[in-house]
Amino acid sequence: MSKMKFIVTLIVLTLGIAINASSVMAAKDSLNLGMVLEPPHLDPTAGAAAAIDEVVYANIFEGLTRIDKNGVVKPGLASSWTVSEDQKTYTFNLRKGVSFHDGASFDADDVVFSLNRARAKDSVNAQKALFKPIQSVTAEDPHTVVVTLSQPTGSFLFNMGWGDAVIVDKASAEKNKSNPIGTGPFKFSKWVRGDRIVMVRNDAYWGTPAKLKTATIKIIPDPAAAVSAMMAGDIDAFANFPAPESLAQFKSDPRFKVVIGTTEGETILSTNNQSGPFKKLKVRQAIAHALDRKAIIDGAMFGYGTPIGTHFAPHHPAYIDLIATHPYNLAKAKQLLAEAGYPDGFKATIKLPPPSYARRGGEIVASQLRKIGIDLEIIPVEWAQWLDQVFKKRDYDLTIVSHTEPMDIGIYARKDYYFAYDSPKFQALMKKLDATVDTKARYKILGDAQRLISADCVNGFMFQLAKHGVWNKNIRGLWENSPVQANDLTQVYWIN
Amino acid sequence: MRIFLAKRVFTLILTLLVATLVVFVVLEILPGDPASVMLGINAETETLNALREELGLNRPVWVRYTHWVADLITGNLGISYTYDVPVSELILSRLTVSFPLALLAMTLSTLIAIPLGILAASNHNKPMDFLVMSFSQIGIAIPNFWFAMLLTLLFSVTLRLLPAGGFAGWDAGIGPVLKSFLLPTIALALPQAAILARVTRSALLEVLQEDFIRTARAKGITNQGALWKHALRNALIPVVTIMGLQFSFLLAGTIIIENVFYLPGIGRLIFQAISQRDLIVVKNLVILLAGAVIVINFMVDLLYAVIDPRLRGGQDV
C-alpha cells in the first residue's frame with residue numbers, strides 16, 4: 001500500500017511541476033487556429049474557395065489596398081493614391097523596400113503583371129468581374145502605377161482589396177498553389193495535406209511585424225472533434241466555430257471567450273423566379289409573409305443570426321431595415337396565395353446543400369410554408385450536385401444558400417443568374433451605382449436597390465449568418481467580424 | 001504448392017480486373033461535373049470546356065477506361081483535380097497515417113484477443129469464461145466512434161494527457177506520432193479484439209471436442225498441453241480469416257475514427273474526394289483499396305497453407 005501511495009505522490013508531483021513550468025513560461029508566440037474546410041490549394045487568384053482566403057489573405061499575400069476588420073479600405077502595398085477628376089485614372093504610389101518571401105523585390109512591374117494576369121483572356125481568376133473596368137495598367141516608374149478604367153467604378157479601391165486581387169511575383173506565380181510566395185508578414189512554411197498548414201513570421205516584412213512567431217491552421221471537419229480539440233487545448237481558437245449548438249458549453253468555461261460577430265453571408269431562400277407558381281409576385285409575397293425568421297434563426301442556428309429583409313449586410317452603413325415590409329402574417333400570406341390563383345396551395349421542391357444552415361433551415365422553412373398550403377418536397381444535394389442542377393441548369397424551385405461575398409447585391413442585375421430575376425429597373429440602378437463615386441450618393445442608390453428586390457420578393461430573405469468565434473481568453477487581436485473572407489492574424493498576440 | 005499458388009494468383013488478377021471495371025462504371029454514373037466543381041459558380045462555358053479537354057473528360061468511354069488501366073499498370077496515377085499534386089503522392093502521404101494505424105490496431109487487438117480467447121476456452125463455463133465473454137459482448141455492442149469520444153473526453157479533455165486528435169507528422173519524431181496514434185489505436189482495436197476473442201474461443205472449443213484431442217488426452221497429455229500443442233494451431237484458420245477481414249476494414253473503413261480524431265488518413269481522403277468530385281483520386285484510391293483487400297485475402301490464403309499443410313497440395317479440405 002505504501003508503495004502505491006508513493007507512486008501516486010510521484011505522479012501528482014510530476015504533473016504539478018509540469019503545470020507550474022508551463023505557467024511561468026513567457027507569453028506564447030504561436031497560435032493553433034482551427035478551420036473546418038481545407039483549402040484545395042493556396043492561390044487566391046485562381047480559385048473560388050473561401051478557405052483559400054481564410055488562410056492566405058493579409059497573412060501571406062497582400063494587395064494594393066487592404067480591407068481592415070471594420071470593412072474599411074486601407075493602404076496596402078500602395079501607400080497612397082490619387083484619383084483623377086473624371087474618376088477614371090488611379091495613380092498608386094507603391095511602398096519602397098518591399099520584397100517577396102523568396103527575396104525578389106516588389107515593384108511596379110509586379111503590379112502590372114498581377115492585374116494583367118487577372119484580367120487576361122486565359123485568366124482562371126474566380127472573380128474576373130472585379131477587373132473588368134480596367135482598361136490599362138502601366139508602370140510610370142518602379143514605384144508608381146497608373147490604372148486607367150473604362151468607366152468610373154466607385155468600388156474599385158474596395159475591389160483591389162479582395163483576396164483575388166493580391167499582388168504576386170511573375171517568377172513564382174505559377175507555383176503559388178502549393179508554395180505561395182507573397183509579401184505579407186507571414187511566410188508559408190509547410191502543408192501537411194488533410195491536417196495542417198504552417199506559417200512562420202516574415203522577419204523581413206516591410207511594415208509592423210507580426211507578433212506571432214508561428215501560426216498553424218489545423219483542419220478539423222467534424223464539429224464534435226472541434227469541441228474536444230478546443231476543450232483539450234489542442235486548438236487555441238476557432239475564428240468561426242462550426243457548431244452553434246456547442247457555444248453554450250464554451251460560454252460557461254472560463255478558459256474561453258465566445259465572440260459573436262457578423263459576416264457578409266446573406267442566408268436566403270433562393271427562388272427560381274421563372275419556375276411555375278414562383279413566376280407570380282403574389283406567390284413570392286405570400287412566401288415572404290409566411291417565413292417566421294425568428295423561428296428559423298432559433299431552430300436552425302440556435303439563436304445566432306440577424307434577421308434581414310433584403311440582400312444586404314446589416315452592419316453596413318448603407319443597410320436599410322426592410323423586415324417590416326413583409327411581416328410574419330399567415331392570414332395575409334394565404335390571402336395572397338388565393339389571389340394568385342392557388343387557394344389550396346401547390347406542390348414544389350426545395351433542394352438543400354450540405355451546410356447545417358441549409359439542411360436544418362430547410363426543414364423549418366418547409367414546415368412554415370406547409371401552413372399556407374405550399375407542400376415542399378425536401379431534396380438534399382451535395383455541393384457538386386447543387387452547382388450542377390441548381391446553379392448551372394436552374395433545375396429547382398427553391399433552395400437555401402448563404403451568399404458570402406461582400407457587397408454582392410450586384411448579382412441581382414445578372415439576368416442569367418440562378419434566381420432568374422430580370423428587372424431592367426434594377427439593372428439600371430446598378431449601372432448608375434458603378435458610375436457614382438460619391439459615398440452618400442452611392443448609399444442612396446444602394447438603398448433603392450435594397451428596396452426594389454425586397455418589394456419584388458426576389459428571394460425569401462431570412463438572416464445574416466453570424467460568425468461564432470471561440471478562442472482562448474488570453475488571445476487578443478483576432479477579428480470579431482468578417483467583412484472579407486479572411487483570418488487576419490497579423491495583429492494577434494497572447495497576453496501573459 | 002505450385003498449383004495452389006498459380007490458382008490463387010490467377011484469381012487475384014481476374015478479381016482486380018473486374019474491380020477496375022466496376023469502379024469505372026460506378027464513377028461514370030455518378031452525377032456532377034468535376035470541371036464545374038473546380039471552377040466554381042462564376043465559370044464560363046468556354047473555360048469549362050477547356051478544362052474538360054485538359055482533364056481528358058471529352059474522350060470516348062472505352063478510351064478513357066483502357067488509358068486508365070494502362071496508367072495503373074505503369075504506376076501513373078495522374079494529378080489530383082482539386083489539390084493539383086500527383087495522386088500517388090497524395091495517397092502515399094495518407095498511407096503513412098492509415099497503414100501504421102491499422103497495423104498498430106491489429107497488433108493490439110491480436111495481443112488482447114488471442115490470450116483472452118484461450119483463457120476463456122480453457123476455463124470453459126467457469127467464471128473467467130463468463131467474464132471474458134461479457135467483456136467481448138460489451139466490446140461488440142459499443143460503437144467505436146462513441147468509444148473514441150469517451151476516450152478523448154477522459155484522456156484529452158479531463159486529464160489533458162494526450163492530444164484530442166490530429167497527426168503530428170513523421171518528421172516530428174516517433175514519440176509525438178505514437179502519442180497521436182494512441183487513442184485511435186485503442187478505439188479501433190478494442191471492438192475488433194472483442195470479436196476476435198469470441199472467434200478464438202469458439203474455434204478452440206470446437207477443436208477441443210475433436211477425436212484427436214480425446215486421443216491425445218487418453219495418451220496422458222494434460223488438458224492445457226492438448227490445448228497449446230494440438231488445438232491452438234488447428235483453431236487458427238477461422239481466426240486468421242477474421243484477422244484478414246479486420247485488417248482490410250481497418251485500412252479503408254476507419255473514416256469515422258479519422259473524423260473523430262481528425263487524422264489525415266485514407267478514409268477522409270476518399271470521402272473528401274467524392275464530395276469534391278475529384279474523380280481521379282476516387283477511382284485510383286478505390287482500386288488501390290480493392291487491390292489491398294484482394295492481396296490481403298491472397299495472403300490469408302497463403303497463411304492457410306502454412307497453418308494447414310494439407311492445403312499445399314492444392315486440394316480443398
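Author: The account below begins with the contact between the chains and then turns to each chain.

This is a predicted model, in which local features need pLDDT of at least 70 and side-chain atom pairs count only at pLDDT 80 or more, whereas totals for chains, interfaces and linings use all residues. Residues are numbered from 1 along each chain as its sequence is written, and chains are lettered from A and ligands numbered from 1 in the order in which they are written.

Where chain A meets chain B, 32 residues of chain A are in contact with 36 residues of chain B; two residues are in contact if their C-beta atoms, placed from the backbone, lie within 7 Å. On the side of chain A that touches chain B, the elements giving two or more residues are strand S10 (214-219), helix H5 (223-232) and helix H11 (383-392) of chain A. Helices (H or I, at least four residues) and strands (E, at least two) are DSSP runs, numbered from the N terminus. The most is given by H11(A), with seven residues. By class, this side of chain A has 16 nonpolar, seven polar and nine charged residues. Here Ala, Val, Leu, Ile, Met, Phe, Trp, Tyr, Cys and Pro count as nonpolar, Asp, Glu, Lys and Arg as charged, and the others, Gly among them, as polar.

Chain A itself holds 13 helices and 19 strands. Its radius of gyration is 25 Å, close to the 23 Å that the globule rule gives for 496 residues, so chain A is as compact as a globular protein of that length. That radius is taken over C-alpha atoms, and the globule rule is 2.2 Å times the number of residues to the power 0.38.

Chain B is divided into domain 1 (2-74) and domain 2 (94-312), with bounds that come from an automatic or database domain assignment. Taken over C-alpha atoms, the centres of these two domains of chain B are separated by 32 Å. In chain B, 14 residues of domain 1 are in contact with 16 residues of domain 2. Helix H1 (2-29) and helix H2 (34-39) of chain B are the elements that give two or more residues to the side of domain 1 that touches domain 2, and H1(B) gives the most, with 10 residues. By class, that side of domain 1 of chain B has 10 nonpolar, three polar and one charged residues.
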